[in-house]
Amino acid sequence: MNERFGKTPELRTSDSVQLLDTTLRDGEQAPGVSLTPAEKADIARALDRAEVDYIEAGSACTGPGERETIKRVTSLGLDATVTSFARGVQNDVDLALDCDVDGVTLVVPASDRHVESKVGTTREDVVETTDELVAYAKDHGLWVEVIGEDGSRAAPEFLESLARASHDAGADRFCFADTVGHTSPEHTYEVVSRLAELGPTSTHTHDDLGLAMANVHASLAAGADLVHTTVNGIGERAGNVALEEVAIALDHCYDVESVKLDELYALAQKVAQATGVALPPNKAVVGQNAFTHESGIHTDGTLKDDAMYEPYPPETVGRERRLVLGKHAGRAGVKAALDEHGVDATDEEVAAVVERVKELGDRGKRVTDADLLAFAEDVQGRERARQVELLDLTAASGGGTPTASVRLRVEGEERVASGTGSGPVDAAVKAVREALGPNADAQLDEYHVDAITGGTDAVVTVEVTMSLGDRSVTVAASHADITRASVQAMVNALDRLLAPNHTSPTPASADD
């Protein structure tokens with residue numbers, strides 16, 4: 001029983017909600033997104049680790065390449081039920097069967113716009129065809145969900161007829177689909193309430209009006225017990241409802257289990273990297289800022305009580321809390337950041353560092369760990385010899401395999417190394433690692449382009465977070481060339497991580 005709000009809302013009739021994730025099908029239909037078979041298999045494994053109940057692996061009717069990809073997913077031996085999207089024709093069901101899926105999500109037209117204009121048929125024919133296809137799929141041992149496409153714009157009476165026919169033919173469930181993100185929570189509740197009276201009901205929502213999550217909760221309150229989602233909310237147009245947001249809201253507000261929550265952040269990062277669709281910093285649950293505090297008041301409160309300015313602990317979704325510095329920073333936050341880097345400072349020194357942090361923040365700059373440590377060194381009158389310094393960088397990617405060579409000064413010794421990679425940045429990073437050797441095996445935790453100026457003389461700012469053992473550091477570097485900015489940021493981070501009293505880098509041997 002969840003007593004956070006005085007009483008537990010009556011959300012649905014069961015104490016669990018299942019999720020069908022369609023990142024590999026509907027998510028991939030987002031403009032510019034194209035996943036390789038290996039990426040789809042990798043995401044499917046991550047979804048299974050998160051204990052997602054159903055994974056829509058693709059649409060078998062798309063073509064031979066898609067069918068091979070679906071077969072790759074079905075061969076993984078996942079615990080999840082793996083399905084294929086199928087149109088309302090028997091051949092699509094047969095193609096799905098050839099991929100050895102566990103089930104099909106069978107989409108049939110529901111609104112008159114789709115019945116008459118798109119498909120060119122009648123309501124009666126749609127019901128008859130649906131009845132035949134459901135029976136056919138069930139006869140072949142498939143789990144079947146019928147989706148009434150554009151259901152939010154369908155006549156409720158016809159949608160009921162379609163759902164009733166689906167259940168009578170043996171369908172495992174019927175899905176209310178707000179295909180174009182058109183409807184309101186009130187309409188959703190009214191229609192889903194009627195559908196749920198007929199049998200197990202699912203909901204599929206899009207975010208064109210920013211109401212995808214609201215319509216999910218209206219559906220669940222009306223009796224639905226399965227939600228279609230995509231990781232990070234990717235999908236056509238404004239996207240689908242986000243898996244991670246549905247899962248944490250169910251757990252936090254209603255004590256309803258759906259997936260393994262501590263896998264959510266890793267899953268989100270994996271999908272963002274594979275699709276090339278970056279996570280907005282302010283995105284709920286998985287955005288960079290979700291558990292990041294800069295304001296002096298918030299930082300001070302968080303240091304006193306973890307729950308002061310957070311709805312739930314970041315560890316719940318596989319994350320860590322971050323205290324960052326900027327113009328809103330206060331003494332408590334700066335002191336905590338210095339303590340984290342092992343820097344002892346007096347109250348007067350902390351106050352002086354705060355002033356410098358605020359000054360940099362007032363100029364619109366983000367204060368990185370490297371900035372903070374440099375301020376502390378200056379205030380305390382300490383001189384620090386660089387451990388690693390970039391002397392020269394050459395990178396090429398035109399016409400062949402991207403290559404790069406670097407010249408570093410490491411503890412006073414010059415080292416030269418080269419590398420190849422999937423791009424010039426990747427090649428340059430590998431060259432740096434080769435030059436430093438195996439004892440500088442730092443982990444690149446985060447990499448993103450922080451800002452780009454306009455014009456032909458554009459400058460890019462690259463920010464990296466790297467860790468070595470139990471230490472981590474965030475550093476930014478700017479340059480007109482993204483490869484140089486990336487390498488400079490990485491080298492500067494390594495320079496901080498390889499400070500005295502920590503492992504010193506040694507050259508790679510000829511056998512490495």
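Student: Why is Y312 called buried?

Tutor: Buried means under 20% relative accessible area, exposed over 50%, and partly exposed in between, with a 1.4 Å probe and protein chains only. Y312 has 14% relative accessibility, so Y312 counts as buried. This is a predicted model: local features need pLDDT of at least 70, side-chain atom pairs count only at pLDDT 80 or more, and totals for chains, interfaces and linings use all residues. Residues are numbered from 1 along each chain as its sequence is written, and side-chain values use heavy atoms, with hydrogens and water left out.

Student: What makes F291 and Y312 an edge-to-face pair?

Tutor: Rings of Phe, Tyr and Trp (its six-membered ring) pair if their centres lie within 6.5 Å; planes under 30 degrees apart are stacked, over 60 edge-to-face, the rest tilted. The centres of F291 and Y312 are 5.5 Å apart and their planes stand at 75°, so the pair is edge-to-face. The two residues are 21 residues apart in the chain.

Student: Is F291 buried or exposed, and how do you know?

Tutor: The relative accessible area of F291 is 2%, so F291 is buried.

Student: Why is D255 called partly exposed?

Tutor: Its relative accessible area is 36%, so D255 is partly exposed. D255 also has a positive phi of about 55°, although it is not a glycine.

Student: What makes R319 sit over the ring of Y265?

Tutor: A charge sits over a ring if NZ of Lys or CZ of Arg is within 6 Å of the ring centre and within 35 degrees of the ring normal. The charged end of R319 is 4.2 Å from the centre of the Y265 ring.

Technical notes. Helix = DSSP H or I, 4+ residues; strand = E, 2+ residues; numbered from the N terminus.
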